[in-house]
Amino acid sequence: MALPLRRRLPVLPLLLLAAGGLRAAERSSSSSAMEELATEKEAEESHRQDSVSLLTFILLLTLTILTIWLFKHRRVRFLHETGLAMIYGLIVGVILRYGTPSTSGRDKPISCSQEDRLFTTLLVNVSGKFFEYTLKGEISPGKIHNVEQNDMLRKVTFDPEVFFNILLPPIIFHAGYSLKKRHFFRNLGSILAYAFLGTAVSCFIIGNLMYGVVKLMKLVGQLSDKFYYTDCLLFGAIISATDPVTVLAIFNELHADVDLYALLFGESVLNDAVAIVLSSSIVAYQPTGENTHAFDAAAFFKSVGVFLGIFSGSFMMGAVTGVVTALISKFTKLHCFPLLETALFFLMSWSTFLLAEACGFTGVVAVLFCGITQAHYTYNNLSVESRSRTKQLFEVLHFLAENFIFSYMGLALFTFQKHIFSPVFIIGAFIAIFLGRAAHIYPLSFLLNLGRRHKISWNFQHMMMFSGLRGAMAFALAIRDTATYSHQMMFSTTLLIVFFTVWIVGGGTTPMLSWLNIRMAQILKEGTGHSRKALGSSGYALST
């Protein structure tokens, strides 16, 4: 029996709706599949770019090593390996900046005016799908349309945490582990004076001079944002971190005076630790009241307490870890298994840095004194094979990490997107550094000579004044925070200062030694346990 017409009429629209629904579902499914395919392709492209960026740094290091061999073979001393790594980094930076295509139009600013604070992670709902985004930093309104659109340049952008947790520990540990103990402890009082008092004097002189430069910039209209007195002091702490790696390498090759070598090396090792704790103390300076950048006696003494607490706590943590490692090596039979012994030594040394950072101390100080303690106690309890392995392991890690950092410095001149170059600030910084180094070396040397049996001669003082290079630590401290206008200007200036000192001062080391008539005797370079004679004019002797 047929249904009435009024009951059969809705059937056609229902069929049409069902067909439409099926087509919509098919379109939705097809769209979802296309989105998934696009996401997979994007992930694959990102993986490829990660591989290319790592390969870039590996090729840079490979090229640097081959050129170092050529320089050593030809006995070229006008350019050190670190300066060479920076040149190669500059070349690659130019290629990446101007030779790779951009992917503009992918970033779109979205307003979140209802929120009054920053979030480190955002979950964004896009058509029912949630995507996670992480905070990279603040962008000034004037530069909102100049955000880097080159994915390759984004990939090679330096991550400060990678440096501090991965690249820095082997550099600092090697400095303590390879310390020439006899000459270091013979000059310990002078080294401590240069590292602690000298760095503090240099920091405050540079900070105050730069504050005058900032006032001058404001007066002539070259300062476009805020630049506080505490920022100037922070710059003084950052740029007071010396890194005479070029000078010391040349000292080794030319067999320069052992006491001069010990003074420079000891100062640079402890100076890095003091500079990083001093910068942390300046950051911790927080006066009460409306003006958070005015002088406050309570906040000042609190910062001094922070400095002493962080340094002493880090020192104790490093020394205790070194002693514990020595006891484990002595009272166990790990020496029967050199591979396990070397692995434990490596992990205990690296964990010292991370443990100190996790506890709120400074890993640089902790791992430095861990290295000194390991060299003094643990080394003698290791098997012969483990002694050789640990020494060579940290030497290789130190070499690769340091050259990686200097290569990146050259790269960063073109890949870093927040550079602020101010000619007045840069010239003022060079003058302030010169005056700060002079006030650091000459008055302290005069006072130290009053109590020293072996006086620090004038030519030694001039050489120490000349050898105040800036390097990896100053760069790392500057790049750790580039969120504000003042910090971006400080970073750009620090980068130029490192370039100048490594290339010009490092290249002038040999002529300066000859001009100052500094003795070129055969240097006994203490290792951490064994001895050997190296022949040839570019070799050096190792002994305990």
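Ring pairs join Phe-173, Tyr-177, Phe-345, Phe-346, Trp-350, Tyr-379 and Phe-394 into a cluster. Rings of Phe, Tyr and Trp (its six-membered ring) pair if their centres lie within 6.5 Å; planes under 30 degrees apart are stacked, over 60 edge-to-face, and the rest tilted. This is a predicted model, in which local features need pLDDT of at least 70 and side-chain atom pairs count only at pLDDT 80 or more, while totals for chains, interfaces and linings use all residues. Residues are numbered from 1 along each chain as its sequence is written, and side-chain values use heavy atoms, leaving out hydrogens and water.

The whole structure holds 26 aromatic pairs. One of them joins Phe-173 and Phe-345 edge-to-face, 6.1 Å centre to centre, with 80° between the planes. Phe-173 sits in helix 5 (residues 160-177) and Phe-345 in helix 12 (residues 338-358), 172 residues apart. Helices are DSSP runs (H or I, at least four residues), as are strands (E, at least two), numbered from the N terminus. Phe-345 is buried, at 1% relative accessible area. Buried means under 20%, exposed over 50%, and partly exposed in between (1.4 Å probe, protein chains only).

Phe-345 also pairs with Phe-394. Their ring centres are 6.2 Å apart and their planes stand at 70°, so this pair is edge-to-face. Phe-394 belongs to helix 14 (residues 384-415) and Phe-345 to helix 12, so the pair ties together parts 49 residues apart in sequence. Phe-394 is buried too, at 2%.

Now step back. The protein has 19 helices and four strands. Of its 544 residues, 47% are buried. Contact means heavy atoms within 4.5 Å. Among contacts with a separation of 6 or more, 81% are between residues 24 or more positions apart.

The largest nonpolar core has 119 residues. Such a core is a set of buried Ala, Val, Leu, Ile, Met, Phe, Trp, Tyr and Cys residues joined through side-chain atoms within 4.5 Å. Helix 10 (residues 258-283) gives the largest share of this core, 14 residues. Phe-235 is one of the residues with the most contacts inside the core. Beyond residues up to four places away in sequence, Phe-235 touches several others, including Ile-206, Met-210, Phe-425 and Ile-497.

Last, the outside. Leu-308 lies in helix 11. At 52% relative accessibility, Leu-308 counts as exposed. Helix 11 (residues 297-331) gives four residues to the nonpolar patch, the most of any contributor.
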